Structures are given as structure tokens and as C-alpha cells.
Amino acid sequence: MSTVAMEQRKKIHPHKFTLWVGIGSLLMMFAGLTSAYIVKRNQANWQTFDLPQFFWYSTAAILLSSVTIYLAQKAFKQREMRKYRSLVIATLVLGVLFMVFQVLGFQQFWKQGLPLGTNVSSDFMYVIVGLHAAHVAGGLIALIVLFANAFNTKTRTYNSIPVELVSTYWHFVDVLWIYLLIFLIMIR
Amino acid sequence: MSSAATLHHADVHGSHDAHHEHHHHETFITKYVFSQDHKMIAKQFLVTGIIWAIIGGLFSVVFRLQLGYPESTFPWLEDLLGHWAAGGKLKPEFYYALVTMHGTILVFFVLTAGLSGTFANFLIPLQIGARDMASPMLNMLSYWFFFLASTIMFCSLFVQTGPASGGWTIYPPLSALGDASSGAKIGMDLWLVSMAMFIVSSLLGGLNYITTILNMRTKGMSMTRLPLTIWALFFTAVLGVLSFPVLLSGAILLLFDRNLGTSFYLSDIVIAGKILPNEGGSAILFQHLFWFLGHPEVYIILLPAMGMSSEIISVNSRKPIFGYMAMVGSVFAIAILAFLVWAHHMFVTGLNPFLGSVFVLLTLLIAVPSAIKVFNWLTTLWRANIRFTPGMLFAIGFVSLFISGGLTGIFLGNSALDLHLHDTYFVVAHFHIVMGVASFFGMFAGVYHWFPKMFGRYLNNTMAYIHFWVTIVGAYLIFWPMHYQGLAGMPRRYYDFSGWSSFNMFSGLNEFISFVSMIVFAAQLLFVFNFFYSMFKGRKVTDANPWGSNTLEWTTPINPGHGNWPGEIPEVYRGAYDYAKDGKEFIPQNVPVGDDESKGH
């Protein structure tokens, strides 16, 4: 009986598991869009386009934010709360920075003579990058909640699950961005 | 066999027990409205589903009036529908709206949310031995997103230009251009918003079902001891979680085309004499994205019915299900194949014939796991000691409909034959029997079988038998003749056939079908009456295990509270199908294996 009990404890936390299944589901949505992109590319009227410069800055921001949230999670587990708080803030700032660069990138793209509705290929960029940004925005909301909890001195939380969940999700939107960037560069 | 639960030590389920302690102060709101108890959420899904089924069914009766009696007028229709039926005759625009909403409501709101939502929520924790879902909060949100979707869709029925009318598949350009039809205006926008909410609801639900099944099983409940209902609901959830997001991405592109001037799906269109600037889009792209969901959706609808029928047939045959692992394997095979056959809906879109032949092969492959399942149901029934309870009758009815509807699928899966049969009543008959009516039968079987567990009372048997016989005979009388009409080339989606001399010979048959559909609809109202009457006045359940069943839900008290088991969660020692073993009629899963018991089954 004790071995079974131990097996039960070794099991992944249900909320973490739910998140992983959810990530699988989100991946399918982007797979739908990127495969639609590939299908369209093989048809007439396809125009190649260059990605705006700002996307490289945003890539740097989100990569760095993945590092800070990893360190934040580590700090939380070691109960170094001061370090944890500043790292959560750093992640939040980097996340906002990412969004700003994406918006600037869209503007640059728009001014290059490729506003929404010009041709299908550049419209795909708006939809795919925009939908990704919407998911980063969701992550930012989760980070704000973490941030609020971190500065709530009335109740102390030792439960690391919320931090781990947000961190996993954040790494996911990071990896997803890298994939989309490579995709949009390689296939055009 | 006693139904008393075999309890086990506390340490194993400490974490599960912790969270049912804090539900002492239940108000009306927390118990019946914003409930986090999976059983209450299941009932919410069921009742909402029943309301939608009445609306969706009524729509079909109204448009069948038009098809069956195209020359007549019905003044009362004008009282009911106002200007949509001016002079007592349905307007063509509204006919299309009715057909669209009939499909949308029954496919998504009744047979997806109403079926999976009800039985996944109700049965998963009870049958795997869990106190609740992995995340009761997400589960509650799942229902309320569905409620929101329902409200928006319901409102769309009353807007001035009418609800969406471009078919439940919302193919562009009809759905992408507001000028295309009156239903393509605000009705279509509301449809898209409502479906977005619906997708969120079904994803939240699906995430929960998968996690709960994989993570929260009681001690001893290995995957191979799960009842087949749970296996079916598991694969249903996997299909939903992987296919609905693709529909969402298709719908997002559609939203851009509708509102932001992009042309993902639009190219070279002249509407009302005006040439649109859209160029470079492809309407076929939408069909690919849509059917990548659309085909798995068929199995999202069908698999729960399969799982419940397997369980109910085994319980009421008093025999183990024949070929348990084959049943699991065939559901798995169907789930995989579900993702690989979507283009068989698109054989006549100019699909590359070579690609088409690949999809023909993959489509016909589905016949293999389907045949395995049918074989196993029949061999379970073979020489069994059958109890013809209403639930059992509907389960057997499901098998019958699945066979007769599945066989015509083999016709339609051939691209060469599909050239002739595409968009005829043959298709209508095929999918209504195999997906619509068959899944409804699975749902009815589930309701009749688990009603005692849901409400602590039985449904009235006399009404149940009338309901069954009228429905099964009626379903065949409605859809059987449609095969014949379809083979003769009668197309779908026509408002009035009386103008075509080639289809005039079917006017008598159309009238007959419409007449039967009204009788069948009345029989469903009898069921609805029985449902709500028995909820309050039905015969009370006195035996905790009224069907002599092995699964864990019957080890709970007759009216289980939040947390399901008052004491410890029972431990499981065996599979769910030890019926007629070693001379015992049934051995529940929580009974330890005796020394004198034979190995295996």
C-alpha cells in the first residue's frame, strides 16, 4: 500500500497536467494557422515580405524574460522573497517591453506599405503574430496576479504551484514565439 | 452481493479528502447556480441541452412543414414567427435560417455540450473514484461559458435580419459577406461570437476530463480497469481539445475577412452587381480548416454514445463486455482516424483525385474498428440473460442505428459514388441516422440508466417504452425513405421541390416524412414530461445499486453529496465487467478478489 501511496505522490500535479494539455490545444490552433499559411503559399498571388526589425528586439526581450522567470521560480522555492519579487517585476517589465516591440513592429510593417488587407501573405503575419501577442497578454495578466500576491504581506504562501504554472506558460509563449519567428523567416 | 463499499486506509487519499471538507455552508446560489459540484454541473448541462433539443427539434418540424406541404399555408405560423411566415407560409430566407440553426443547435449545443457535458461531468469522477474534477473551478466556468454561448445564440434568433442562415458549416463567401444574405449580417456575427464562447467552454471541459481521468483515479483503478464509458469520454475529450482550436483559427480568419477587409477566403466576387476588391483568397481553405474540426466533431458526438451503450449493454446482459481491450483499441483507432479523413467532405471541391483516393482509403479504414465494436456488442448480447430496461432498449437501438447508418457511410466514403450522392438526401439520411439519431439514442440510454443516480428516483417505465418504440420506428420511417430520394438525385437544401417535375413524384413521400417527424417530436415531448415529472414525483430509489452494476458510482449513497463518498473512496480490485463470474451474478469493482475465485474472465 505504501508503494501505491508513493506512486500517487509522484504523480504530476493535476493543475500542471491541465496546463500541459491546454498547451497542446493551443499548439493545435497555431498549427492550424501555420498550415493554412503553407497551403496559401503554394497558390497564386503569394508575395514575400520581410519581417520588421523590431521583432528581433522583442525576441531578445522575451528570451531574457524566460531567464528571469526561471530564476524567480528558483528564488521562490528557496524562499528568497526579495529576490523573487524583483525577478517577477523584471519579467513583467520584459513582457510589457515585448508587447511594445510587437506593436512597433506592426507599425513599421504597416508603413512599409503592407497595411492589413493589402495581400493575403502579409495579413497572415498580422493574424499569427497578433494571436501570439494575445496569448502573451494572457501571461502578463497571470504575472500581474503573481506580482500582487508577492507583495501581499498579510498572507504568506508557500505553495509553489501557481509560480510554476505561470512560469511554464511563460516558457511556452516564448518557445512558441521562437517557432513562429523561424517559421515566418524560413517559409515565405 | 452487498453494495457496501470496501474502505481502505486513510493515508492514500489524504489529498482528495482534504477538499470536500469546506463545503458546509451551501446557499441556493452555490448549490444550484454557481455550483462546483460535478454532479450539479452535469445536471445543468443536461437541462440546458434538453431546452436546446426542444428548440432545435421544433425548428426541424417547422421546416418539414414547408417540405411536406409546400402548397399549404398555416396561419398559426404567422402568429408564431411574425413576418418570417407572412401569410402562413415560411419565407425562403427563414427556411435557411431554420435549417442552419437546427444543425448548429443539435450538433454543438445538444450533442456536444449536452451529451459530453452531462455524462463526462457526471460519470468521470463517480466511475473512477474521485471526489470531484481536477479543477472544479474550470468546470464551473465551462458550464457558464456554455450558458453565455447559449444566451448569445438564443438572442440571435430574435434579431431583425434573422439568425445565421449560411448552413451550420458557415462556408465563406456566404458567411463572410454581410451583403450575401439577410442571415449573413448581425446573425452571423452573433453566431461567431457564440461559437467562440462555446469553443472556450468545450476546451475548459475537455482539459478537465483528460486530467481527471489520467490523474485522479482511485487506488487500484488502473487504466485497463476503467469502465468503457470512461475510455470513450477520454478519447472524446482528446478529440475536442485537439480539433476545436483549429476551428477557432479558421473562425478568426473569417472574422478578419468579415470585419477587417482581408481576403483569406475571398477572391473575385461580384455581389449585387458590384465587384469586390478582395483577391487571392480561397474558400476551400476554410473548408479544410472547418472539416479538420468537423470530422472529429462527428466522433465527439458519437463516442460518448458508444461508451455508454457498451456499459449499459453489458450490465443489462448480465455478461462481461465481449473483448474489452478490442473495444478500447477500436475507440483509439477511431480517434486517430478521425483526424485523417476530413477531406472526404470535400470530394467535389476539385480536390486532387489522387489525394481523394488516399482519403477514400483512410475513410474506409474506419469500417474496421466500427465493425469490431458492432461485433463485440452483438456477441455481448449473444445468449445473454437480457433485461429489457428502457436504458437497455435505447442502447440496443443505438447499435441498430449505428449499423444501418454506418453501412451507408461506406457508400459515401467512395469518391466516385460521392460525385453522385454528394449534397443529396442520401447524405442527410446517412448522417442523421449514424450521428444524430444514434447519438440521441446513446444519450437517452444514459439518461434512463443513470437517472436514479442523478435524482434518486426512477423515470416512469410506461412512458419510457412508448418513447422508445415511437422513436425507433419513427426514426427509420423518417430517414429510410430519404436514402431512396437521395439515390434518385433529390438535392439537399432546397426550399421547395414542387417546381421540379423530376422530384414531383416524391411529394407524397415528403408529406409522409413530415407527418412522421411530427409524431416523433411529440414522443420526445413525452420524454421531457417524464423527465421533469419523475425528477419530483418519480418512484423513489431504495436500493443503492438498482441495476446490479459493478461500477463505482453505485457504491455512493442514493443521493450523494458534494465529495460523492461520505467516508473513504472505495478501493478497486478488479475490472468493471465481472458479470456472471464463478456463478455470481455480478461482483462490484470494490470487492477484493477472493481466494476461490478463478483467474481472469
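At what angle do helix 12 and helix 13 of chain B pack, and how far apart are their axes? Keep that in mind while you get your bearings.

This is a predicted model, in which local features need pLDDT of at least 70, side-chain atom pairs count only at pLDDT 80 or more, and totals for chains, interfaces and linings use all residues. Residues are numbered from 1 along each chain as its sequence is written, while chains are lettered from A and ligands numbered from 1 in the order in which they are written.

**Stop 1: the helix pair in chain B**

Select residues 367-381 of chain B for helix 12 and residues 390-412 for helix 13. Helices here are DSSP runs (H or I, at least four residues; strands are E, at least two), numbered from the N terminus. The two pack at about 155°, with axes 11 Å apart; axes are lines fitted to C-alpha atoms over the stretch in contact, and angles run from 0 to 180 degrees between N-to-C directions. That makes helix 12 of chain B roughly antiparallel to helix 13 of chain B (angles over 145 degrees count as such).

Now show the side chains at the join. From helix 12 of chain B come B:Ala367, B:Ser370, B:Val374 and B:Trp377, and they meet B:Val399, B:Phe402, B:Ile403, B:Gly406 and B:Ile410 of helix 13 of chain B. Contact means C-beta atoms, placed from the backbone, within 7 Å. By class, this contact has 7 nonpolar, 2 polar and no charged residues (nonpolar: Ala, Val, Leu, Ile, Met, Phe, Trp, Tyr, Cys and Pro; charged: Asp, Glu, Lys and Arg; polar: the others, Gly among them).

**Stop 2: chain A as a whole**

Switch to chain A, which has 6 helices and 0 strands. Its C-alpha atoms fill a box of roughly 65 × 40 × 20 Å along the principal axes.

**Stop 3: where the chains touch**

Next, select the contact, with 30 residues from chain A and 36 residues from chain B. On the chain A side, helix 1 (2-10), helix 2 (14-41) and helix 5 (120-150) each supply at least two residues. Helix 2 of chain A gives the largest share, 16 residues. This side of chain A has 16 nonpolar, 11 polar and 3 charged residues.

**Stop 4: A:Arg85**

Finish in helix 4 (residues 81-111) of chain A, at A:Arg85. Leaving aside neighbours within four places in sequence, A:Arg85 is in contact with A:Ala150 and A:Phe151.

Notes
Two residues are in contact if their C-beta atoms, placed from the backbone, lie within 7 Å. Angles under 35 degrees count as roughly parallel, over 145 as roughly antiparallel, 65 to 115 as roughly perpendicular and the rest as oblique.
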